[in-house]
Amino acid sequence: MGRSTAETAPEYLSLTAEPVREHLAAATQLETFLTGAGTLTLDQRMLLVDQALVLLEQNYVHLPLKISMHAVNPVQRLRLIRRQLEQQTAATMPPEWIFHAEMSKVFHSVRDLHTNYQLPAPFAGRIAFLPFLVEETTDGPEPRFLITRVVQGFSAPAFAPGVEVTHWSGVPIEQAVELNAARFAGGNAAARRSRGVESLTVRSLSAHLPPFEEWVTVSYIGTDGVARELRENWQIVENRPSAAGPAGEASLVLGLDHESEEVSRAKVMLFVPHVIEQQLAVDAGRSPDIAAGETASTMPEVFTARTVQTPSGTFGHIRIHTFHVPDAGAFVEEFVRLIGELPQNGLIVDVRGNGGGSVWASELTLQTLTPRRITPEPFQFINTPLNLRICRSNPRLRPWVTSMEQSVETGATFSAALPLTPEDLANQIGQQYFGPVVLITNARCYSATDMFAAGFQDHAIGTVLGTDDNTGAGGANVWEQGQFMEDFPVASSPYLPLPNGAGMRVAIRRSLRVGERAGTPLEDLGVVPDERHRMTRRDLLEGNVDLMARAGELLRARPVRELTIADVTRADGSLRLSLKTANVDRVDVYLDRRPRTSVDIPDGRADVTVPGAGAATSVRVDGFALGELVASSSRRL
């Protein structure tokens, strides 16, 4: 994900997928892993509770919403845990996993994947997994759950992708999913269910306790049609290292579900290790091996770009796996390059399972798909004395200070709403793709990806096609507990280092939508798609074939535009523009952002002369169809 693998990857990822298989083969069974786990002292437990109280009571932007919406009181629960600890001794305190379970319950109660309690060593950086993946299809009268991927080298009688799971450790599979979903955070029903399915077989131990059961019994209908059972132990293994994310000022504009990012890395290691080989090839300056129809990317863990054949025609499909990149500008440049090499008659942008990352990367990408001016989402702090001190301590946060100071008089709950992404940057390069665009979402789209989907919908870029009823509904900027100490050294700071590699994260600024839904929070609500597609068996097992067909239908129903400045010449103080157009009947020309002329034009090629061009340094041409802005192209002169 935009990092130097040679510098950061452990040895088992340094060559090919074979060392990955060896690494997985050396995984530890759950019972063995838990032996001797847990070294926190009573004082360290108290410290963790005290730091959680600071974050939730003084920094957590969604606290009023969560108390009302989910009928919880996480602050009071932490106070009760603190009181219980005061009554314990080193001899009487319960096992560490019980303490972690109580802390996890508090953070999970707010159903906010930005706001996490991260377990310390030995849990940090490890995953629990079963050697197969379960996914849900909902195209029939009842949901069905299929095995869709199997770790290479694993085998069981008549067990392969496509077999249907009927029971999970003796519980009917749908009921098991619902019970699982209740344990994992998710701001809406669709998000909880999606995570309930995913966590059946892959879990981050940084975000959750290990499974309660040492093994699961999977009841399934085998490839031979016979009902069978498989008993499989949970395995524990070190996860792949996190990619380098934004640093410096960019780290303060992060919108990321860290659990999803960890699970995504684990899935690559478990089920698609060839992606690791592609990244290693890129890092070594070699051309990566890609599938037929794919376009090679310099960021193979970030993008997958390909041409797809559908009954409605041939279109471009670009999967954005993550926005968690160190350089938002490089991200947008690679996105523009890739979509430029795909068919120009229609584009499918697919962000399913994208847990977010850089808010800048997310919002800067929107401009490339629309002629409309992008309005970045505004963000608010919750007004507390500590947040005010933090904003005063850092010049980058000064714009929020005045409104926070006024809240002492007005009693306002939240600060002014101001964007994280500079509006000029969000419109600096403008539209780069002129065909119709469809955005595919699901309930595991989160944070910066929620913001991307919201911006796509709020600016009417195209149709949002969802495979779930909502996106994951993460509407905030997230900071780590350590950032409060490092970036905001306020006097008498209440923040202290956490023991044994433990961590905490909190939603610090909430985001609001723009356009027709201006002022509506994203948190818990998410983005409701314009069109709904129910994932079919063919989708799960044959490369999303029905989903691509539905997206193709939506693209075919919309016109393909073109507005290209093919040539620019100067003569006698005038500017002569040679334009290539399609489905555009009028153009307005701007020089150095000032309107200069408006001309009705035919489809095809047209020449437009702009008198009095003088020393103009830039030109922008806006194209209209029946009075509606439909395309825009610009060039430096």
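Mentor: Let's start with a term: buried means under 20% relative accessible area, exposed means over 50%, and partly exposed is in between, using a 1.4 Å probe and protein chains only. The model is predicted, so local features need pLDDT of at least 70 and side-chain atom pairs pLDDT 80 or more, while totals for chains, interfaces and linings use all residues. Residues are numbered from 1 along each chain as its sequence is written, and side-chain values use heavy atoms, with hydrogens and water left out.

Trainee: Why is His533 called buried?

Mentor: Its relative accessible area is 9%, which falls under the cut-off, so His533 counts as buried. The residue sits in the loop between β24 (531–532) and α18 (537–541). Helices here are DSSP runs of H or I with at least four residues, strands are runs of E with at least two, and both are numbered from the N terminus.

Trainee: What does His533 touch?

Mentor: Contact means heavy atoms within 4.5 Å. Leaving out residues up to four places away in sequence, His533 touches Leu465, Gly466, Thr467, Asp539, Asp546, Leu547 and Arg550. His533 and Arg550 are 17 residues apart in sequence, with C-alpha atoms 7.7 Å apart.

Trainee: Why is Pro246 called buried?

Mentor: The value for Pro246 is 13%, again under the limit, so the label applies. You'll find Pro246 in the loop between β11 (235–238) and β12 (254–256). Beyond four places in sequence, Pro246 touches Ser251, Leu254, His324, Val325, Pro326 and Ser358.

Trainee: And what makes Ser407 buried?

Mentor: A relative accessible area of 12% puts Ser407 under the threshold, so Ser407 is buried. Ser407 belongs to helix α15, where Val401, Ser403, Met404 and Ser407 are the buried residues. Apart from neighbours within four places in sequence, Ser407 is in contact with Asn383 and Ala412. Just after α15, Gly411 takes a positive phi of about 75°.

Trainee: What covers the buried residues of α15?

Mentor: The cover includes α14. In helix α14 (residues 385–393), the buried residues include Leu386, Asn387, Leu388, Ile390 and Cys391. These pack against α4 (42–59), α15 (401–410), β22 (476–480), α17 and β23.

Trainee: Why are α6 and α7 described as they are, in terms of direction?

Mentor: Axes are lines fitted to C-alpha atoms, for helices over the stretch in contact, and angles run from 0 to 180 degrees between N-to-C directions. Under 35 degrees counts as roughly parallel, over 145 as roughly antiparallel, 65 to 115 as roughly perpendicular and the rest as oblique. Helix α6 (residues 74–86) and helix α7 (residues 96–109) pack at about 165°, with axes 9 Å apart. The two helices are therefore roughly antiparallel.

Trainee: Which residues of α6 and α7 meet?

Mentor: Pro74, Arg77, Leu78, Ile81 and Leu85 in α6 meet Phe99, Glu102, Met103, Val106 and Ser109 in α7. By class, that contact has 7 nonpolar, 1 polar and 2 charged residues. Here Ala, Val, Leu, Ile, Met, Phe, Trp, Tyr, Cys and Pro count as nonpolar, Asp, Glu, Lys and Arg as charged, and the others, Gly among them, as polar.

Trainee: What makes α8 and α9 a perpendicular pair?

Mentor: The axes of helix α8 (residues 173–183) and helix α9 (residues 189–198) come within 8 Å and cross at roughly 110°. That makes α8 roughly perpendicular to α9. In the contact, Glu174, Val177, Glu178, Asn180 and Ala181 of α8 meet Arg192, Arg193, Gly196 and Val197 of α9. Its residues divide into 3 nonpolar, 2 polar and 4 charged.

Trainee: How do you know that α9 is mostly covered?

Mentor: Of its 10 residues, 8 are buried. The buried residues of α9 pack against β4 (132–137), β5 (144–150), α8, β8 (202–204) and α10 (258–271).

Trainee: Why are the rings of Phe484 and Tyr495 called stacked?

Mentor: Rings of Phe, Tyr and Trp (its six-membered ring) pair if their centres lie within 6.5 Å; planes under 30 degrees apart count as stacked, over 60 as edge-to-face and the rest as tilted. That rule gives 14 aromatic pairs. Phe484 and Tyr495 have ring centres 4.8 Å apart and planes at 25°, so this pair is stacked. Phe484 is in helix α17 (residues 481–487), and Tyr495, 11 residues away, is in the loop between α17 and β23 (503–511). Both Phe484 and Tyr495 are buried.
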